[in-house]
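Colleague: Hi! Could you walk me through this model? I'm new to reading structures.

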Amino acid sequence: MFNSLSDRLQDTFDKLRGKGRLTEDDINVAMREIRLALLEADVNFKVVKRFVASCKERCMTSEVLDSLTPSQNVVRIVLDELTELLGSTESKLVLAQNRIPNVIMLVGLQGSGKTTAAAKLAYLLKKQKRSPLLAACDVYRPAAADQLATLGGEIGVPVYRGDGKDPVAIAKGAVQEAVDTLHDVVIVDTAGRLQIDEAMMQEAVAIKNAVRPDQVLMVVDAMTGQDIVNVVTEFAERTDFDGVIMSKLDGDARGGGALSVREVTGKPIKFVSMGEKPSSLEVFHPDRMAKRILGMGDLYGIIDAAQQAADEEQMARAEKMLREGFTMDDMLHQLQSIRKMGGLSKIISMLPGGERMLGQTPDAADESQLVRIEAMIRSMTPEERQRPKIINGMRRSRIAKGSGRTVQEVNALIKQWGEMNRMMGKIRAMANGGDMSPKAMKRMMSQMAAGATGAGKKRGGANPYNRR
Amino acid sequence: MGFAERLKKGLSRSREALNEIFYFGGEVDEDFWEDLEDTLVMGDLGAEVAMNVTDDLREQAARENLATDRQLRRALAKRLADEFTPIARDPFDETPSCVLFVGINGAGKTTTVGKLANAAREQGTPVIIGGADTFRAAAIEQLDVWAERAHVPLVTRDRGADPAAVCYDVLEAAEKDNAQLVLIDTAGRLHTSSDLMRELAKVVSVTRKRAQMPVAVVLVIDATTGQNGLNQAKEFNDALELDGLIVTKLDGTAKGGIAVAISHDLKLPILRIGVGESIDDFQRFDAAAFCRALVGDE
């Protein structure tokens, strides 16, 4: 019941994989599984029907059925169709070049996350060297303006509250305020409203007409069920929004609504909101999302996460590491980087087949090991961390006692450090030699990989980097 | 507007959808059953529950010779109503009582606390509210407004304070003032965030230890939630041992079918439902009426 969509599809295709040649019945079985999985992922029932029909049609060609790897072909087709459904290209904010201030308006149901999204959007724009102003047009929910003001204060973006009574007047006032105080983009946060609440829908239209936003974005909760279609259809008709921000995607909701929204309204999903931090608004990548849904991993996501975690300070640290050797402090830092990227389980889940691996062996992402290593390193003196070689028997037992671990574990840690330090030495030797050709890099990488798996047999001799 | 009418109005769309099927009621063929299953899926009942319900109804139809749409409607409503778990103890009626409201972000916890506090005070029960959402910006201010509207005292601390400490404070204040009903709002959190779930488990255990009165932990869930609602409920239940559910925002077109699945799977009763915008819009949940309205059995 709680399998993810990728698990379901993967199971289906594992079954198909055993077969040399697929029959129509096999395809039907697979399509039924896909249908069920998509329904459980909250993809709208009509969207599922269309999706499965078009997938089946493409799978039934002799090109697929007679090919040597039919199941892989089916996977590819489903992936293609899914990407297509999610929108083929990544969409960004479209703001008029010659208009100051630009206006972005947010709409959505109650509790979908508009106010939080407004602050995140402001933060994003601020990072892009824009100067945003937030307009608090939710005059109904108690303290909604206070919430926006607090969030604005945290990210250093001013909030225009106006009289706190008339949303249209507040929106207009905010635009004027932006002109007066030299802000170049206004983000209008509106009250949550039900699509069937006529008076509230009229108010949204009135705000829209009053400030003529460059972009109207609808905030949609990733956990919404089948009703999402009714909601977005009505909002699309009345407010004619330009795109969607999908919120709460950091949970385990499969976000089937994302598929439905695109298919039903034709409006792109522009951003996904992944957490509590103001920086957690990300550009939506349909191809990545589709791959992730299909259990094919999100390698780009890992690279992005790693890039964000690696700031300049760490670059300097890496350089120092090369110059002066790898210390325990560096190791500690690496552990912390893993944490910054969202922990082992998040990294594993982004790898191909990772979701399944986590499901089968939850221990794979046992973070407690990291905590133990950290405890041991923190029990070392600064000198020991810089020069682990001085750690003798007595020091070892002291570290073990200090961190509540056994001496054997401390030994293992020091051994691990030794291996990493050796590897670093090789890189250093290479860097000193000035030989940075891609070919040499590749050789070194393969050697490192061999060393890590214990398969490095060529000690010394032929390999120039082992000469040290 | 009474409860039944309100529900009927809120659920009218799903009823229309079902009516379309039952219109061909005389002829119960394969298409009929397939359409029925699809419609239940559309009501967020979940593919699995929908299939089980349809299969059961099908057997029953054959066994009891049900052929007309009215008979089938009745049977379906009864079958769905059976999926719900009855209320063993209503924490809002059987006072003294302390209720903790938990749930994901944006489910409507704070609003629920405010409205229920008002309802209880109107009935003459001495109520006190605890604002243990010390995380979200302006959550305390929001609750403060509700407390004022409902003329009910609020106990809280500054933003960033330990929520467990707030619970301790509010229970102490409740004993001092002899309040019979203690309603505690907690910060919304995703069920996948293990740190925040552990924090909440601590809040709950502190409250259970400190309280002299029975403590109920209630999951607030948005009616528009899809199948992820089951994961949510399961995680919250595993971490906190829930006592019941409150389904909010049943006033839109969402059918809240996920409530059937949760109540059935986790054996949790639905204590109240939110069916409107105004301050007195929380209603007792009547499974039979809910299901009759859902299938359109007038």
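Predicted model: local features only at pLDDT ≥ 70, side-chain atom pairs only at ≥ 80, totals over all residues.

Colleague: Let's begin where the chains meet. How many residues of chain B are in contact with chain A?

Modeller: On the chain B side there are 34, and they are in contact with 34 residues of chain A.

Colleague: Which helices of chain B each supply at least two residues of that side?

Modeller: Those are helix H3 (30-42), helix H4 (47-64), helix H7 (139-150) and helix H10 (228-240) of chain B. The largest share, four residues, comes from H7(B). Sorted by class, the side of chain B that touches chain A has 12 nonpolar, 15 polar and seven charged residues.

Colleague: You mentioned H3(B) and H4(B). How do their axes cross?

Modeller: The axes of H3(B) and H4(B) come within 9 Å and cross at roughly 145 degrees, and the crossing is right-handed. From H3(B), the contact uses Trp33(B), Leu36(B), Glu37(B), Leu40(B) and Val41(B). H4(B) brings residues including Ala47(B), Met51(B) and Arg58(B). Over the contact of H3(B) with H4(B), eight residues are nonpolar, one is polar and two are charged.

Colleague: And H10(B), what does its crossing with H11(B) look like?

Modeller: H10(B) passes H11(B) in a right-handed crossing. The axes of H10(B) and helix H11 (residues 258-266) of chain B come within 9 Å, at roughly 35 degrees. Among the residues that make this contact are Leu230(B) and Ala233(B) of H10(B), along with Ile258(B) and Ile262(B) of H11(B). The residues of the contact divide into six nonpolar, two polar and two charged.

Colleague: Okay, sheets now. What is the strand order in chain B?

Modeller: Chain B has an open sheet of eight strands, in the order S3-S2-S4-S1-S5-S6-S7-S8, with mixed pairing. Strand S3 (154-156) and strand S8 (282-284) of chain B are at the edges, each with a single partner strand, so one side of each has no neighbour in the sheet. From one strand to the next, the twist averages 25 degrees.

Colleague: Do S7(B) and S8(B) pair in what sense, parallel or antiparallel?

Modeller: Strand S7 (residues 270-274) of chain B and S8(B) are antiparallel, over three bridges. In this pairing, Gly274(B) stands opposite Phe282(B) in S8(B).

Colleague: Which helix packs on the sheet and touches S2(B)?

Modeller: That's helix H8 (residues 163-177) of chain B, which touches strand S1 (97-102), strand S2 (127-132), S3 and strand S4 (181-186) of chain B. The direction of H8(B) makes about 165 degrees with that of S2(B). H10(B) packs on the sheet too, touching S1 and strand S5 (215-222) of chain B.

Colleague: Switching to chain A: is H6(A) largely enclosed or open, and why?

Modeller: H6(A) is largely enclosed by the rest of the structure, because 12 of its 14 residues are buried. The buried ones include Lys114(A), Ala118(A), Tyr123(A) and Leu125(A).

Colleague: What span should those 14 residues have?

Modeller: At 1.5 Å a residue, helix H6 (residues 114-127) of chain A should span 20 Å, and its end C-alpha atoms are 20 Å apart, which agrees. Just after H6(A), Lys129(A) takes a positive phi of about 70 degrees.

Colleague: Last one: where is Asp42(A), and is it buried or exposed?

Modeller: Asp42(A) is in the loop between helix H2 (24-40) and helix H3 (45-59) of chain A. Asp42(A) is buried, with 31 other C-beta atoms within 10 Å. The C-alpha atoms of Asp42(A) and Val232(A) are separated by 14 Å, although these residues are 190 residues apart along the chain.

Key:
Residues numbered from 1 in each chain as written. Chains lettered and ligands numbered in written order. Contact = placed C-beta atoms within 7 Å. Nonpolar A, V, L, I, M, F, W, Y, C, P; charged D, E, K, R; others polar. Expected span 1.5 Å × (residues − 1). Buried ≥ 20, exposed ≤ 12 C-beta atoms within 10 Å, placed from the backbone. Axes fitted to C-alpha atoms, helices over the stretch in contact; angles between N-to-C directions. Left-handed = near helix turned anticlockwise from the far one by under 90°. Pairing = 2+ DSSP bridges.
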